[in-house]
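Subject: Structure handover

Hello,

Here is the structure you are taking over.

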Amino acid sequence: MAAAHPAKTLQDEITCTLCLEYFKDPVSLDCDHSFCRACITQCWGGFDTDVSCPECGKLFPQRNLRLNRQLRNIVEAARELRLQIGKEPETKRLCEKHKEPLKLFCKEDEIPICLVCDRSKEHRDHTVIPGEEAAEEFKEKIQAHLKTLREEREKLLGCKVSGEKRKQEYLRKTQTERQKIVSEFQQLRHFLEEQERLLLAQPETLDKEIEEIQNENATKLSEQISCLSELISELEGKCQKPVSEFLQDVRSTLSRCVKGKFQQPVEISPKQDNRLSDFSQKTVALMETLRKFKDTLPSALETRRGESLGTFRQANVTLDPDTAHPELVLSEDWKSVRRGNTRQDLPKNLERFDTEPCVLGWEGFTSGRHCWEVEVVAGRCWAVGVARESVRRKGQISRSPEGGIWAVGQWGSHFQALTSPVTPLPLSRAPSRIWVCLDCDRGQVTFINADDEAPIFTFPPGSVPGERIQPWLQVLGPGSGLRLCARDRVGASK
(Lines give C-alpha, C1' and ligand atoms only; values in the text may rest on other atoms or scores of the structure.)
Protein backbone atom coordinates (compact mmCIF):
# COMPACT_ATOMS: atom_id res chain seq x y z
CA MET A 1 0.00 0.00 0.00
CA ALA A 2 1.42 3.40 -0.96
CA ALA A 3 2.37 5.76 1.85
CA ALA A 4 -0.04 8.64 2.52
CA HIS A 5 2.87 11.12 2.71
CA PRO A 6 5.81 9.72 0.73
CA ALA A 7 7.98 12.79 1.31
CA LYS A 8 7.49 12.53 5.07
CA THR A 9 8.18 8.77 4.97
CA LEU A 10 11.39 9.34 3.00
CA GLN A 11 12.53 12.01 5.43
CA ASP A 12 11.95 9.69 8.42
CA GLU A 13 13.90 6.89 6.75
CA ILE A 14 16.97 9.06 6.12
CA THR A 15 16.95 10.78 9.54
CA CYS A 16 19.13 9.58 12.46
CA THR A 17 17.02 8.96 15.59
CA LEU A 18 19.81 10.26 17.83
CA CYS A 19 20.58 13.67 16.28
CA LEU A 20 17.34 13.98 14.27
CA GLU A 21 19.33 15.20 11.25
CA TYR A 22 20.02 13.57 7.90
CA PHE A 23 22.45 10.65 8.27
CA LYS A 24 26.15 11.53 8.16
CA ASP A 25 28.42 8.55 7.47
CA PRO A 26 25.60 6.10 8.32
CA VAL A 27 26.50 2.75 9.91
CA SER A 28 24.25 -0.24 10.71
CA LEU A 29 24.21 -2.53 13.77
CA ASP A 30 23.58 -6.27 13.71
CA CYS A 31 19.90 -5.56 14.48
CA ASP A 32 19.74 -3.56 11.15
CA HIS A 33 19.07 -0.20 12.86
CA SER A 34 21.21 2.64 11.44
CA PHE A 35 22.78 5.74 13.04
CA CYS A 36 25.38 8.37 12.25
CA ARG A 37 28.80 6.96 13.08
CA ALA A 38 29.58 9.94 15.33
CA CYS A 39 26.20 9.69 17.13
CA ILE A 40 26.44 5.97 17.99
CA THR A 41 30.11 6.35 18.97
CA GLN A 42 29.21 9.20 21.34
CA CYS A 43 26.26 7.19 22.70
CA TRP A 44 28.42 4.16 23.51
CA GLY A 45 31.21 6.28 24.97
CA GLY A 46 34.29 4.26 25.84
CA PHE A 47 32.52 0.90 25.96
CA ASP A 48 33.82 -1.76 23.58
CA THR A 49 31.80 -4.73 24.90
CA ASP A 50 28.23 -5.32 26.07
CA VAL A 51 26.90 -2.42 24.00
CA SER A 52 23.25 -2.10 23.00
CA CYS A 53 21.11 -0.57 20.28
CA PRO A 54 19.59 2.76 21.47
CA GLU A 55 16.43 2.04 19.43
CA CYS A 56 15.53 -1.61 20.21
CA GLY A 57 17.79 -2.25 23.23
CA LYS A 58 19.36 -5.43 21.82
CA LEU A 59 22.71 -6.27 23.46
CA PHE A 60 25.87 -7.02 21.48
CA PRO A 61 29.02 -8.62 22.93
CA GLN A 62 31.25 -6.25 20.94
CA ARG A 63 31.15 -3.25 18.62
CA ASN A 64 30.32 -4.10 15.03
CA LEU A 65 29.59 -1.05 12.86
CA ARG A 66 28.90 -1.76 9.20
CA LEU A 67 29.04 1.13 6.73
CA ASN A 68 25.63 1.42 5.06
CA ARG A 69 26.62 2.59 1.57
CA GLN A 70 23.13 2.24 0.13
CA LEU A 71 21.64 4.47 2.84
CA ARG A 72 24.49 6.97 2.36
CA ASN A 73 23.73 7.18 -1.38
CA ILE A 74 20.00 7.68 -0.69
CA VAL A 75 20.77 10.53 1.74
CA GLU A 76 23.05 12.22 -0.82
CA ALA A 77 20.37 11.87 -3.51
CA ALA A 78 17.75 13.37 -1.16
CA ARG A 79 20.02 16.34 -0.41
CA GLU A 80 20.60 17.02 -4.11
CA LEU A 81 16.87 16.74 -4.81
CA ARG A 82 16.14 19.19 -2.03
CA LEU A 83 18.68 21.67 -3.44
CA GLN A 84 17.23 21.38 -6.95
CA ILE A 85 13.72 22.00 -5.65
CA GLY A 86 15.00 25.07 -3.80
CA LYS A 87 16.54 26.47 -7.02
CA GLU A 88 13.35 26.17 -9.06
CA PRO A 89 11.64 29.51 -9.70
CA GLU A 90 8.87 30.18 -7.23
CA THR A 91 5.42 30.03 -8.76
CA LYS A 92 3.54 33.17 -7.81
CA ARG A 93 0.18 32.55 -6.23
CA LEU A 94 -2.75 34.62 -7.42
CA CYS A 95 -5.78 35.89 -5.61
CA GLU A 96 -8.62 33.47 -6.24
CA LYS A 97 -11.13 36.33 -6.44
CA HIS A 98 -9.27 38.94 -8.51
CA LYS A 99 -6.54 36.83 -10.17
CA GLU A 100 -3.93 39.36 -9.06
CA PRO A 101 -0.56 38.59 -7.36
CA LEU A 102 -0.73 38.31 -3.55
CA LYS A 103 1.73 41.10 -2.74
CA LEU A 104 0.17 42.35 0.52
CA PHE A 105 -0.60 40.85 3.94
CA CYS A 106 -3.63 41.65 6.13
CA LYS A 107 -2.63 41.61 9.80
CA GLU A 108 -6.20 41.37 11.14
CA ASP A 109 -7.14 38.31 9.00
CA GLU A 110 -3.54 37.06 8.83
CA ILE A 111 -3.83 36.19 5.14
CA PRO A 112 -2.05 37.35 1.97
CA ILE A 113 -4.16 39.64 -0.26
CA CYS A 114 -3.80 41.45 -3.61
CA LEU A 115 -3.94 45.19 -4.38
CA VAL A 116 -7.62 44.99 -5.35
CA CYS A 117 -8.46 43.29 -2.04
CA ASP A 118 -6.70 46.14 -0.22
CA ARG A 119 -9.07 48.68 -1.79
CA SER A 120 -12.13 46.53 -1.17
CA LYS A 121 -14.63 47.17 1.60
CA GLU A 122 -13.60 43.93 3.32
CA HIS A 123 -10.01 45.08 4.08
CA ARG A 124 -10.39 48.88 3.85
CA ASP A 125 -10.10 49.44 7.64
CA HIS A 126 -7.48 46.70 8.21
CA THR A 127 -3.76 47.10 8.72
CA VAL A 128 -2.11 45.97 5.50
CA ILE A 129 1.66 45.70 4.97
CA PRO A 130 3.81 44.42 2.08
CA GLY A 131 4.15 40.65 1.90
CA GLU A 132 7.96 40.78 2.14
CA GLU A 133 7.76 42.81 5.35
CA ALA A 134 5.23 40.36 6.86
CA ALA A 135 7.41 37.42 5.86
CA GLU A 136 10.44 38.97 7.61
CA GLU A 137 8.44 39.48 10.83
CA PHE A 138 7.20 35.88 10.85
CA LYS A 139 10.65 34.56 9.96
CA GLU A 140 12.11 36.32 13.01
CA LYS A 141 9.45 34.76 15.26
CA ILE A 142 9.96 31.31 13.74
CA GLN A 143 13.75 31.61 14.06
CA ALA A 144 13.31 32.40 17.76
CA HIS A 145 11.12 29.33 18.19
CA LEU A 146 13.59 27.25 16.20
CA LYS A 147 16.40 28.28 18.53
CA THR A 148 14.38 27.24 21.58
CA LEU A 149 13.31 23.97 19.98
CA ARG A 150 16.86 23.11 18.95
CA GLU A 151 18.06 23.78 22.51
CA GLU A 152 15.33 21.52 23.88
CA ARG A 153 16.27 18.85 21.35
CA GLU A 154 19.93 19.06 22.42
CA LYS A 155 18.91 18.70 26.07
CA LEU A 156 16.76 15.65 25.33
CA LEU A 157 19.50 14.15 23.19
CA GLY A 158 21.95 14.68 26.04
CA CYS A 159 19.54 12.99 28.46
CA LYS A 160 19.14 10.07 26.08
CA VAL A 161 22.88 9.66 25.67
CA SER A 162 23.45 9.98 29.42
CA GLY A 163 20.73 7.44 30.11
CA GLU A 164 22.30 5.01 27.66
CA LYS A 165 25.70 5.47 29.30
CA ARG A 166 24.21 4.87 32.76
CA LYS A 167 22.47 1.79 31.44
CA GLN A 168 25.71 0.44 29.99
CA GLU A 169 27.50 1.14 33.27
CA TYR A 170 24.79 -0.64 35.28
CA LEU A 171 24.90 -3.59 32.89
CA ARG A 172 28.68 -3.73 33.24
CA LYS A 173 28.43 -3.64 37.04
CA THR A 174 25.76 -6.35 37.18
CA GLN A 175 27.82 -8.51 34.81
CA THR A 176 30.87 -8.04 37.05
CA GLU A 177 28.85 -8.98 40.14
CA ARG A 178 27.45 -12.00 38.32
CA GLN A 179 30.95 -13.13 37.39
CA LYS A 180 32.13 -12.63 40.99
CA ILE A 181 29.29 -14.81 42.30
CA VAL A 182 30.01 -17.54 39.76
CA SER A 183 33.74 -17.44 40.57
CA GLU A 184 33.19 -17.53 44.35
CA PHE A 185 30.81 -20.47 44.13
CA GLN A 186 33.15 -22.32 41.80
CA GLN A 187 35.95 -21.90 44.33
CA LEU A 188 33.62 -22.99 47.12
CA ARG A 189 32.59 -26.07 45.16
CA HIS A 190 36.23 -26.94 44.45
CA PHE A 191 37.08 -26.51 48.14
CA LEU A 192 34.23 -28.75 49.24
CA GLU A 193 35.08 -31.37 46.64
CA GLU A 194 38.73 -31.38 47.78
CA GLN A 195 37.73 -31.64 51.43
CA GLU A 196 35.36 -34.48 50.57
CA ARG A 197 38.13 -36.28 48.68
CA LEU A 198 40.63 -35.87 51.54
CA LEU A 199 38.19 -36.90 54.23
CA LEU A 200 36.96 -39.92 52.31
CA ALA A 201 40.56 -40.98 51.59
CA GLN A 202 41.32 -41.35 55.31
CA PRO A 203 38.64 -43.96 56.13
CA GLU A 204 39.53 -45.78 52.92
CA THR A 205 43.16 -46.08 54.14
CA LEU A 206 42.00 -47.22 57.56
CA ASP A 207 39.66 -49.75 55.93
CA LYS A 208 42.57 -51.24 53.97
CA GLU A 209 44.85 -51.42 57.02
CA ILE A 210 42.15 -53.03 59.17
CA GLU A 211 41.28 -55.46 56.41
CA GLU A 212 44.96 -56.44 56.03
CA ILE A 213 45.30 -57.00 59.80
CA GLN A 214 42.14 -59.07 59.90
CA ASN A 215 43.20 -61.16 56.88
CA GLU A 216 46.62 -61.77 58.45
CA ASN A 217 44.99 -62.75 61.74
CA ALA A 218 42.56 -65.09 59.98
CA THR A 219 45.42 -66.82 58.14
CA LYS A 220 47.48 -67.27 61.33
CA LEU A 221 44.45 -68.48 63.28
CA SER A 222 43.60 -70.98 60.58
CA GLU A 223 47.16 -72.35 60.68
CA GLN A 224 47.15 -72.60 64.49
CA ILE A 225 43.71 -74.23 64.54
CA SER A 226 44.99 -76.81 62.06
CA CYS A 227 48.04 -77.53 64.26
CA LEU A 228 45.85 -77.79 67.36
CA SER A 229 43.50 -80.18 65.59
CA GLU A 230 46.43 -82.43 64.59
CA LEU A 231 47.85 -82.37 68.17
CA ILE A 232 44.45 -83.18 69.67
CA SER A 233 44.02 -86.13 67.29
CA GLU A 234 47.54 -87.32 68.16
CA LEU A 235 46.92 -87.08 71.94
CA GLU A 236 43.53 -88.77 71.66
CA GLY A 237 45.20 -91.65 69.76
CA LYS A 238 48.04 -91.90 72.29
CA CYS A 239 45.58 -92.19 75.19
CA GLN A 240 44.08 -95.26 73.50
CA LYS A 241 47.42 -97.15 73.36
CA PRO A 242 48.63 -99.75 75.92
CA VAL A 243 50.57 -98.50 78.96
CA SER A 244 53.98 -99.55 77.74
CA GLU A 245 53.50 -97.83 74.42
CA PHE A 246 51.68 -94.85 75.98
CA LEU A 247 54.64 -94.07 78.27
CA GLN A 248 57.10 -93.91 75.45
CA ASP A 249 58.13 -90.25 74.71
CA VAL A 250 55.46 -89.03 77.12
CA ARG A 251 57.64 -86.03 78.20
CA SER A 252 58.07 -84.94 74.60
CA THR A 253 54.34 -85.17 74.11
CA LEU A 254 53.66 -83.08 77.22
CA SER A 255 56.17 -80.40 76.19
CA ARG A 256 54.23 -79.88 73.00
CA CYS A 257 51.13 -79.06 75.06
CA VAL A 258 52.77 -76.22 77.05
CA LYS A 259 50.41 -73.20 77.37
CA GLY A 260 51.45 -70.09 75.46
CA LYS A 261 53.01 -71.93 72.58
CA PHE A 262 50.33 -70.62 70.26
CA GLN A 263 50.26 -66.86 69.49
CA GLN A 264 47.20 -64.65 70.11
CA PRO A 265 45.83 -62.70 67.08
CA VAL A 266 47.09 -59.14 66.52
CA GLU A 267 44.53 -56.58 67.72
CA ILE A 268 43.88 -53.17 66.11
CA SER A 269 46.61 -50.94 67.49
CA PRO A 270 46.13 -47.61 69.33
CA LYS A 271 47.68 -46.04 66.25
CA GLN A 272 44.59 -46.92 64.21
CA ASP A 273 42.31 -45.78 67.04
CA ASN A 274 44.07 -42.41 67.20
CA ARG A 275 43.88 -41.94 63.44
CA LEU A 276 40.17 -42.80 63.47
CA SER A 277 39.57 -40.37 66.33
CA ASP A 278 41.50 -37.61 64.54
CA PHE A 279 39.47 -38.23 61.36
CA SER A 280 36.22 -38.04 63.36
CA GLN A 281 37.24 -34.73 64.93
CA LYS A 282 38.12 -33.21 61.55
CA THR A 283 34.82 -34.36 60.11
CA VAL A 284 32.85 -32.91 63.03
CA ALA A 285 34.70 -29.57 62.74
CA LEU A 286 34.06 -29.29 59.01
CA MET A 287 30.39 -30.24 59.38
CA GLU A 288 29.98 -27.67 62.16
CA THR A 289 31.50 -24.97 59.94
CA LEU A 290 29.17 -25.88 57.07
CA ARG A 291 26.16 -25.89 59.41
CA LYS A 292 27.04 -22.41 60.67
CA PHE A 293 27.36 -21.20 57.07
CA LYS A 294 24.01 -22.79 56.23
CA ASP A 295 22.35 -21.19 59.28
CA THR A 296 23.76 -17.70 58.61
CA LEU A 297 23.01 -17.73 54.87
CA PRO A 298 19.18 -17.40 55.21
CA SER A 299 19.53 -14.43 57.58
CA ALA A 300 21.97 -12.75 55.21
CA LEU A 301 19.64 -13.37 52.31
CA GLU A 302 16.73 -12.06 54.38
CA THR A 303 18.65 -8.86 55.15
CA ARG A 304 19.58 -8.46 51.48
CA ARG A 305 15.97 -9.13 50.46
CA GLY A 306 14.66 -6.56 52.97
CA GLU A 307 17.07 -3.93 51.68
CA SER A 308 16.15 -4.85 48.11
CA LEU A 309 12.40 -4.66 48.67
CA GLY A 310 12.77 -1.20 50.12
CA THR A 311 13.94 0.06 46.72
CA PHE A 312 10.84 -1.18 44.86
CA ARG A 313 8.17 1.37 43.96
CA GLN A 314 4.66 0.30 44.93
CA ALA A 315 2.67 0.24 41.69
CA ASN A 316 -1.07 0.89 41.72
CA VAL A 317 -1.99 -1.75 39.14
CA THR A 318 -5.38 -2.05 37.43
CA LEU A 319 -6.66 -4.56 34.87
CA ASP A 320 -7.16 -3.80 31.19
CA PRO A 321 -10.70 -4.91 30.17
CA ASP A 322 -9.76 -4.87 26.47
CA THR A 323 -7.40 -7.82 27.09
CA ALA A 324 -9.69 -9.94 29.32
CA HIS A 325 -10.89 -13.34 28.05
CA PRO A 326 -14.70 -13.35 27.43
CA GLU A 327 -15.25 -15.75 30.39
CA LEU A 328 -13.47 -13.46 32.85
CA VAL A 329 -15.57 -10.98 34.83
CA LEU A 330 -13.83 -7.81 36.05
CA SER A 331 -14.95 -5.63 38.97
CA GLU A 332 -16.04 -2.03 38.35
CA ASP A 333 -12.74 -0.67 39.71
CA TRP A 334 -10.76 -3.11 37.48
CA LYS A 335 -9.00 -4.50 40.55
CA SER A 336 -10.58 -7.98 40.75
CA VAL A 337 -11.18 -10.78 38.25
CA ARG A 338 -13.14 -14.02 38.54
CA ARG A 339 -13.97 -16.87 36.19
CA GLY A 340 -17.59 -16.80 35.06
CA ASN A 341 -19.76 -19.69 33.87
CA THR A 342 -20.70 -18.24 30.48
CA ARG A 343 -18.86 -16.53 27.64
CA GLN A 344 -19.68 -12.81 27.42
CA ASP A 345 -20.41 -11.10 24.12
CA LEU A 346 -17.37 -8.78 23.95
CA PRO A 347 -15.66 -7.05 21.01
CA LYS A 348 -13.19 -9.36 19.25
CA ASN A 349 -10.31 -6.89 19.31
CA LEU A 350 -6.67 -7.82 18.69
CA GLU A 351 -5.64 -7.24 22.32
CA ARG A 352 -8.08 -9.75 23.83
CA PHE A 353 -7.14 -13.31 24.86
CA ASP A 354 -9.60 -15.58 23.05
CA THR A 355 -8.58 -19.08 24.22
CA GLU A 356 -6.70 -18.86 27.51
CA PRO A 357 -8.57 -17.19 30.46
CA CYS A 358 -5.99 -14.42 30.96
CA VAL A 359 -5.98 -10.66 31.48
CA LEU A 360 -3.18 -8.08 31.44
CA GLY A 361 -2.64 -5.09 33.67
CA TRP A 362 -3.33 -1.65 32.24
CA GLU A 363 0.08 -0.38 33.37
CA GLY A 364 3.28 -1.28 31.55
CA PHE A 365 6.88 -0.92 32.73
CA THR A 366 10.11 -0.47 30.76
CA SER A 367 12.49 0.70 33.51
CA GLY A 368 12.80 0.92 37.28
CA ARG A 369 11.77 -1.47 40.06
CA HIS A 370 8.06 -2.05 40.72
CA CYS A 371 6.11 -4.21 43.17
CA TRP A 372 2.42 -5.06 43.59
CA GLU A 373 0.36 -7.56 45.58
CA VAL A 374 -2.09 -10.16 44.27
CA GLU A 375 -4.56 -11.84 46.64
CA VAL A 376 -6.18 -15.21 45.94
CA VAL A 377 -9.90 -14.61 46.55
CA ALA A 378 -11.14 -18.14 45.70
CA GLY A 379 -10.22 -21.30 43.85
CA ARG A 380 -7.16 -23.50 43.45
CA CYS A 381 -6.44 -23.02 39.73
CA TRP A 382 -4.73 -19.69 39.01
CA ALA A 383 -1.44 -18.06 38.02
CA VAL A 384 0.09 -14.61 38.63
CA GLY A 385 3.12 -12.90 37.12
CA VAL A 386 4.17 -10.64 34.26
CA ALA A 387 4.12 -10.84 30.46
CA ARG A 388 5.72 -8.87 27.67
CA GLU A 389 3.41 -6.55 25.76
CA SER A 390 3.83 -8.62 22.59
CA VAL A 391 2.66 -11.86 24.27
CA ARG A 392 0.44 -14.02 22.08
CA ARG A 393 -3.28 -13.36 22.65
CA LYS A 394 -4.96 -15.68 20.14
CA GLY A 395 -5.13 -19.48 20.36
CA GLN A 396 -3.07 -21.61 22.74
CA ILE A 397 -0.22 -19.77 24.47
CA SER A 398 2.99 -21.00 26.08
CA ARG A 399 2.93 -20.13 29.78
CA SER A 400 6.71 -19.92 30.07
CA PRO A 401 9.53 -17.42 29.53
CA GLU A 402 9.82 -18.72 25.95
CA GLY A 403 6.22 -17.63 25.42
CA GLY A 404 6.82 -14.24 27.03
CA ILE A 405 5.33 -15.09 30.47
CA TRP A 406 7.10 -15.24 33.87
CA ALA A 407 4.72 -16.50 36.56
CA VAL A 408 3.90 -18.90 39.41
CA GLY A 409 0.60 -20.68 39.91
CA GLN A 410 -1.46 -23.32 41.68
CA TRP A 411 -3.12 -26.33 40.03
CA GLY A 412 -5.03 -28.26 42.68
CA SER A 413 -2.47 -29.43 45.25
CA HIS A 414 0.50 -28.46 43.05
CA PHE A 415 2.23 -25.08 43.34
CA GLN A 416 4.72 -24.44 40.53
CA ALA A 417 6.89 -21.90 38.78
CA LEU A 418 5.99 -21.69 35.09
CA THR A 419 9.44 -22.51 33.76
CA SER A 420 10.06 -24.91 30.87
CA PRO A 421 9.59 -27.57 32.17
CA VAL A 422 7.67 -26.38 35.23
CA THR A 423 9.50 -26.21 38.57
CA PRO A 424 7.61 -27.67 41.58
CA LEU A 425 7.81 -25.32 44.57
CA PRO A 426 8.37 -27.01 47.98
CA LEU A 427 5.62 -25.25 49.94
CA SER A 428 3.25 -26.95 52.38
CA ARG A 429 0.42 -24.88 50.89
CA ALA A 430 0.05 -22.25 48.22
CA PRO A 431 0.26 -18.64 49.50
CA SER A 432 -2.90 -16.57 49.71
CA ARG A 433 -1.11 -13.28 49.02
CA ILE A 434 1.84 -12.83 46.67
CA TRP A 435 4.13 -9.87 46.01
CA VAL A 436 5.22 -9.60 42.38
CA CYS A 437 8.52 -7.69 42.25
CA LEU A 438 9.67 -6.61 38.77
CA ASP A 439 13.18 -5.23 38.26
CA CYS A 440 13.23 -3.93 34.68
CA ASP A 441 16.83 -2.73 34.90
CA ARG A 442 18.12 -6.22 35.82
CA GLY A 443 15.55 -8.09 33.71
CA GLN A 444 14.41 -10.07 36.75
CA VAL A 445 11.11 -10.90 38.48
CA THR A 446 10.77 -12.24 42.05
CA PHE A 447 7.73 -13.68 43.86
CA ILE A 448 7.43 -13.34 47.65
CA ASN A 449 4.88 -14.78 50.10
CA ALA A 450 3.22 -11.66 51.52
CA ASP A 451 2.07 -13.55 54.65
CA ASP A 452 5.55 -14.38 56.00
CA GLU A 453 7.77 -12.41 53.54
CA ALA A 454 9.51 -15.63 52.49
CA PRO A 455 10.91 -15.81 48.93
CA ILE A 456 8.90 -18.11 46.64
CA PHE A 457 10.79 -18.09 43.33
CA THR A 458 13.06 -15.80 41.30
CA PHE A 459 13.56 -15.83 37.56
CA PRO A 460 17.28 -15.09 37.07
CA PRO A 461 18.64 -11.67 36.02
CA GLY A 462 18.48 -11.06 32.29
CA SER A 463 15.61 -13.50 31.72
CA VAL A 464 13.01 -10.73 31.25
CA PRO A 465 13.63 -8.82 27.96
CA GLY A 466 14.05 -5.07 27.73
CA GLU A 467 10.61 -4.32 26.31
CA ARG A 468 7.35 -3.14 27.86
CA ILE A 469 6.30 -5.58 30.62
CA GLN A 470 2.74 -5.77 32.01
CA PRO A 471 1.11 -7.57 34.98
CA TRP A 472 -0.48 -10.89 33.95
CA LEU A 473 -3.21 -12.93 35.66
CA GLN A 474 -4.84 -16.26 34.74
CA VAL A 475 -7.97 -17.69 36.37
CA LEU A 476 -8.66 -21.27 35.27
CA GLY A 477 -11.23 -22.85 37.60
CA PRO A 478 -14.90 -21.70 37.54
CA GLY A 479 -15.55 -19.47 40.54
CA SER A 480 -11.85 -18.82 41.06
CA GLY A 481 -10.82 -15.22 41.56
CA LEU A 482 -7.84 -12.91 42.09
CA ARG A 483 -7.61 -9.36 43.39
CA LEU A 484 -4.97 -6.64 43.02
CA CYS A 485 -4.26 -4.92 46.32
CA ALA A 486 -3.24 -1.27 46.54
CA ARG A 487 -0.45 -0.70 49.07
CA ASP A 488 1.24 2.19 50.87
CA ARG A 489 4.40 0.16 51.38
CA VAL A 490 5.56 -3.46 51.26
CA GLY A 491 3.68 -5.37 53.93
CA ALA A 492 0.95 -2.77 54.67
CA SER A 493 -2.42 -2.69 52.95
CA LYS A 494 -4.32 0.50 52.41
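Predicted model: local features only at pLDDT ≥ 70, side-chain atom pairs only at ≥ 80, totals over all residues.

Strand β22

Strand β22 spans residues 481-485, and four of its five residues are buried, so the rest of the structure largely encloses this strand. Two strands are joined to β22. One is β11 (residues 336-339), which runs antiparallel to β22 and is joined to it by three bridges. Within that pairing, S336 has R483 of β22 as its bridge partner. The other is β13 (residues 369-378), also antiparallel to β22, with five bridges between them. Here V376 is bridged to L482 of β22. If you inspect side chains along these strands, recall that in a regular strand they alternate between the two faces of the sheet.

Aromatic pairs

How many aromatic pairs does the structure hold? There are six aromatic pairs. One of them is F447 with F459, an edge-to-face pair with 6.3 Å centre to centre and 70° between the planes. F447 belongs to strand β19 (residues 444-449) and F459 to strand β20 (residues 454-459), so this pair ties together parts that are twelve residues apart in sequence. Both F447 and F459 are buried.

F459 also pairs with F457: the ring centres are 5.0 Å apart and the planes are at 80°, so this pair is edge-to-face as well. The cut-off for that label is over 60 degrees between the planes.

Are F457 and F459 buried or exposed? F457 has a relative accessible area of 18%, and buried means under 20%, so F457 counts as buried. F459 is buried too, at 2% relative accessibility.

Charges over rings

Two lysine or arginine contacts with ring faces may be of use to you. K141 lies over the face of F138, 5.4 Å from the ring centre. R393 lies over the face of F353, at 5.7 Å from the ring centre.

Surface patch

Which residues make the nonpolar surface patch of about 430 Å²? They are I181, F185, L188, F191 and L192. Of these, I181 is placed in helix α5, which covers residues 131-239.

Regards

Technical notes:
Residues numbered from 1 in each chain as written. Heavy atoms only, no water. Buried < 20%, exposed > 50% of the residue type's maximum accessible area, 1.4 Å probe, protein only. Pairing = 2+ DSSP bridges. Patch = residues over 30% accessible without salt bridge, like charges linked within 9 Å, V, L, I, M, F, W, Y side chains within 5 Å. Areas by Shrake-Rupley, 256 points an atom, 1.4 Å probe, with all protein chains shown as cover. Salt bridge = Lys/Arg side-chain N within 4 Å of Asp/Glu carboxyl O. Phe/Tyr/Trp six-rings, centres within 6.5 Å; stacked < 30°, edge-to-face > 60°. Lys NZ or Arg CZ within 6 Å of the ring centre and 35° of its normal.
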